[in-house]
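The report below describes the fold of a single protein chain and the side-chain contacts found in it. Please keep the sequence and the structure in view while reading.

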Amino acid sequence: MKKVNILRNGFLVFLGLVFSTVLWAHGGAAGTDTDQCKFELEKDHWLHYTAYQPKAYPAEEFCGNLPDVNTLTQLVFDYQDQRYRNMAIEFEVTKEPEGTRVFFSEAKKHKSGTVVLNLPEGVAEPGKYLIHITLLQDTGERLDAHMSFKAGAGQPASKSSLGLYALLFFAALYGVYLSHAGFKRAVDQLIGKAKEI
């Protein structure tokens, strides 16, 4: 009986770790080393990007896939390096592969370190888009970075949501196990047979 309790508790701890949202944040790694939502403007100097569609998905953050078209879309950029706050940065969004401009923000300095670009109607049609970021240095040199995203593919079920549903299912199953003697007996017999093998 003691081994069964240890196995059961170990399994529950394992489930909790696997489906922890902290572990899945930004690709499941500590820091932003595998962060898919960042631009490298210069070697080891980054700009983080997050997209929102607050009218359609008020509590969701997006990166490479925006689920809807023709809805308010906000592109938020956070400087991860203080030195960019004193440099002018230009933003442009184009529809690919045509290269048609759908949004443009002239070069300017953003002292707060955060830039919010509002596309009131979002993008007009589903497909691939490219964000162009141009850093204008005091020397006149232009540094360019690009990141693509897709729009209009619909909202997929996230891994963390599926994990949460699985965890809730197993928690409910465990509750039934504890409260229903017949079910508990059947499960204990199955575990006993499995240990014999």
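Which residue forms a salt bridge with Glu92, and how many Å apart are the closest N and O atoms? The partner of Glu92 is Arg101, with the closest N and O atoms 2.8 Å apart; a salt bridge here is a side-chain nitrogen of Lys or Arg within 4 Å of a carboxyl oxygen of Asp or Glu.

This is a predicted model, in which local features need pLDDT of at least 70 and side-chain atom pairs count only at pLDDT 80 or more, while totals for chains, interfaces and linings use all residues. Residues are numbered from 1 along each chain as its sequence is written, and side-chain values use heavy atoms, with hydrogens and water left out.

**Overall fold**

The protein chain contains four helices and ten strands, where helices (H or I, at least four residues) and strands (E, at least two) are DSSP runs numbered from the N terminus. Along the sequence these elements follow the pattern α-α-β-β-β-β-β-β-β-β-β-β-α-α. Of the 197 residues, 32% count as buried, a term that stands for under 20% relative accessible area, with exposed meaning over 50% and partly exposed the range in between (1.4 Å probe, protein chains only). Among contacts (heavy atoms within 4.5 Å) between residues at least 6 apart in sequence, 58% join residues at least 24 apart. The accessible surface comes to about 12200 Å², of which 58% belongs to carbon and sulfur atoms; such areas come from the Shrake-Rupley method with a 1.4 Å probe, and for residues only the protein chains shown count as cover.

**Salt bridges**

A search of the whole structure finds three salt bridges, which are set out in the table.

| Salt bridge | Closest N to O distance |
|---|---|
| Glu92 and Arg101 | 2.8 Å |
| Asp188 and Lys184 | 3.4 Å |

In the bridge between Glu92 and Arg101, Glu92 is buried, with a relative accessible area of 17%, whereas Arg101 is partly exposed at 49%. Arg142 is partly exposed at 46% relative accessibility, while Glu90 is buried at 16%. As for Asp188 and Lys184, these residues are four residues apart in helix 4 (residues 181-196), so about one helical turn separates them. Asp188 is partly exposed, with a relative accessible area of 24%, and Lys184 is likewise partly exposed, at 24%.

Five strands form an open sheet in the order 4-10-9-6-7, with mixed pairing; two strands pair if DSSP finds at least two bridges between them. Strand 4 (65-66) and strand 7 (100-108) stand at the edges and each have a single partner strand, so one side of each is left without a neighbour in the sheet. Strand 9 and strand 10 pair in the antiparallel sense over ten bridges, and Leu135 has Leu143 in strand 10 as its bridge partner.

Thr134 lies in strand 9 (residues 127-136) and is buried at 6% relative accessibility. The side chain of Thr134 makes a polar contact with the side chain of Asp144 at 2.7 Å; a polar contact is a pair of N or O atoms within 3.5 Å, where within protein one must be able to donate a hydrogen and the other to accept it, and residues adjacent in sequence count only if both atoms are side-chain atoms.

**Hairpin and surface patch**

Strand 1 (residues 38-42) is mostly covered, with four of its five residues buried. Four bridges join strand 1 to strand 2 (residues 45-53), and the two run antiparallel, with Phe39 standing opposite Leu47 in strand 2. The two strands form a hairpin with two residues between them, and Asp44 in the turn has a positive phi of about 65 degrees.

Elsewhere, Phe169, Phe170 and Leu173 make a nonpolar surface patch of about 260 Å². Patches are made of residues with over 30% relative accessible area and no salt bridge, like charges being joined within 9 Å and nonpolar side chains (Val, Leu, Ile, Met, Phe, Trp, Tyr) within 5 Å. Leu173 is found in helix 3 (residues 159-179) and is partly exposed, with a relative accessible area of 34%.
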